[in-house]
Amino acid sequence: MTGTGVGLLARSGEDTSVWHQIFNFDNYGELLGLVQNSLLAGVLLGLVGGLVGVFVIMRDLPFAVHGISELSFAGASAALLLGVNIVAGSIAGSLIAAGAIGVLGARARDRNAVIGIIMPFGLGLGVLFLSLYEGRAANKFGLLTGQIIAVNTPQMAWLLGTSVVVLMALAMVWRPLTFAGVDPDVAEARGIPVRALSLAFMLVLGLAVALCVQIVGALLVLALLVTPAAAAARVTASPVLLPVLSVVFALCAMEGGILLALGSSVPISPYVTTLSFLIYLGCRLTEARRARRTPAPRLGSPRTAVRTHT
């Protein structure tokens, strides 16, 4: 089964217009029964992606997400070629990439170079493994663009177990990770192991990327791990409201993407990415509207820094 719902009930002579392929709600009630695991997977990914994304934005790691996803894709492709569990292969690839970035790119100035080296290497390996794979083309395509309808019970168990590990790890390091993300120098001076914490988060990020790759594909994983948190950061700076909004936005994008993709012949990823972008655009517009309504401080007001000369 691929990431399209209509193909399951396709009939000869049906409307093949572009609009009908993108939005088709024929037999929608019957198709809903096929995506119970998918909807649950969407909840898990929305929760994990929304929470992890807060630290991705805080620590300026969007590029790292993309780099890890490429090696996660390579691991999943190798597993597909060898006939072993694809989720396990994806997790292995993600952890290798996350560990390499965390160790070799400990300093910020080295990180982008390390990621730039890992990305083409992982993508090249993935293309190699897929070219050697002689199975269904839909399986190859799904690793790149996602296949939410195909979430089966064993895969759901992997997703659930990995999500629990990620959420427990985040709960243990949330406060020191937040402190280190805001002011790493002060955090280190107060005895927080900033470097060890950074490596630990990279491994958590690797697990989160592996989860998202299974559903939205390696090419568009940023839509869950970056865009919702970036949108939330545009409308609030509250340490409590920011992760809440990030999770809500990620859930809206995931669940909305699943429900829209169910009635079409298009993979899920365009729906998830479009919804994420629209949410981000709405938050940008909200931020701009607030800025226009806030009057500029007058000279000499408490909000204005007054220069003094000696």
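Visitor: Let's start with R234. Is that side chain buried, partly exposed or exposed?

Guide: R234 counts as partly exposed, because its relative accessibility is 30%, and partly exposed covers the range between under 20% (buried) and over 50% (exposed). Keep in mind that this is a predicted model.

Visitor: OK, and which residue does R234 meet in a salt bridge?

Guide: That would be E287: the two side chains meet at 3.1 Å, N to O. The pair links distant parts of the chain, with E287 in helix α14 (residues 269–293) and R234 in helix α12 (residues 227–235), 53 residues apart.

Visitor: How accessible is E287?

Guide: E287 has 29% relative accessibility, so it counts as partly exposed.

Visitor: How many salt bridges does the structure hold?

Guide: There are 2. Besides the E287 and R234 pair, the side chains of R284 and E287 meet at 3.9 Å, N to O. That links R234, R284 and E287 in a network of salt bridges.

Visitor: Where do R284 and E287 sit relative to each other?

Guide: Both are in helix α14, and they are separated by about one helical turn because they are 3 residues apart. R284 is partly exposed, with a relative accessible area of 35%.

Visitor: Switching topic: helix α8. What span should its 30 residues have?

Guide: Helix α8 runs over residues 153–182, and at 1.5 Å a residue it should span 44 Å. Its end C-alpha atoms are 40 Å apart, which agrees.

Visitor: Where is the kink in α8?

Guide: At W174, shortly before the proline P176, and the kink is about 60°.

Visitor: What do the buried residues of α8 pack against?

Guide: Four helices: α3 (36–58), α5 (86–104), α9 (184–189) and α10 (194–216). The buried residues of α8 include M156, L159, V166, L170 and L177, and among them are also Q155, T162 and S163.

Visitor: Now the surface. Which residues make the nonpolar patch?

Guide: L81, L82, V84, L128 and L132 make it, and the patch is about 460 Å².

Visitor: Which helices each supply at least two residues of that patch?

Guide: α4 (62–82) and α6 (108–132) do. L81, for one, is found in α4.

Visitor: And how exposed is L81?

Guide: L81 is partly exposed, with a relative accessible area of 31%. Patches are made of residues with over 30%, so L81 passes that cut-off.

Note on methods:
Residues are numbered from 1 along each chain as its sequence is written. This is a predicted model: local features need pLDDT of at least 70, side-chain atom pairs count only at pLDDT 80 or more; totals for chains, interfaces and linings use all residues. Side-chain values use heavy atoms; hydrogens and water are left out. The expected span of a helix is 1.5 Å times one less than its number of residues. The bend at a residue is the angle between axes fitted to the seven residues ending there and the seven starting there. Buried means under 20% relative accessible area, exposed over 50%, partly exposed in between (1.4 Å probe, protein chains only). Contact means heavy atoms within 4.5 Å. Patches are made of residues with over 30% relative accessible area and no salt bridge: like charges are joined within 9 Å, nonpolar side chains (Val, Leu, Ile, Met, Phe, Trp, Tyr) within 5 Å. Accessible areas come from the Shrake-Rupley method with a 1.4 Å probe; for residues, only the protein chains shown count as cover. A salt bridge is a side-chain nitrogen of Lys or Arg within 4 Å of a carboxyl oxygen of Asp or Glu.
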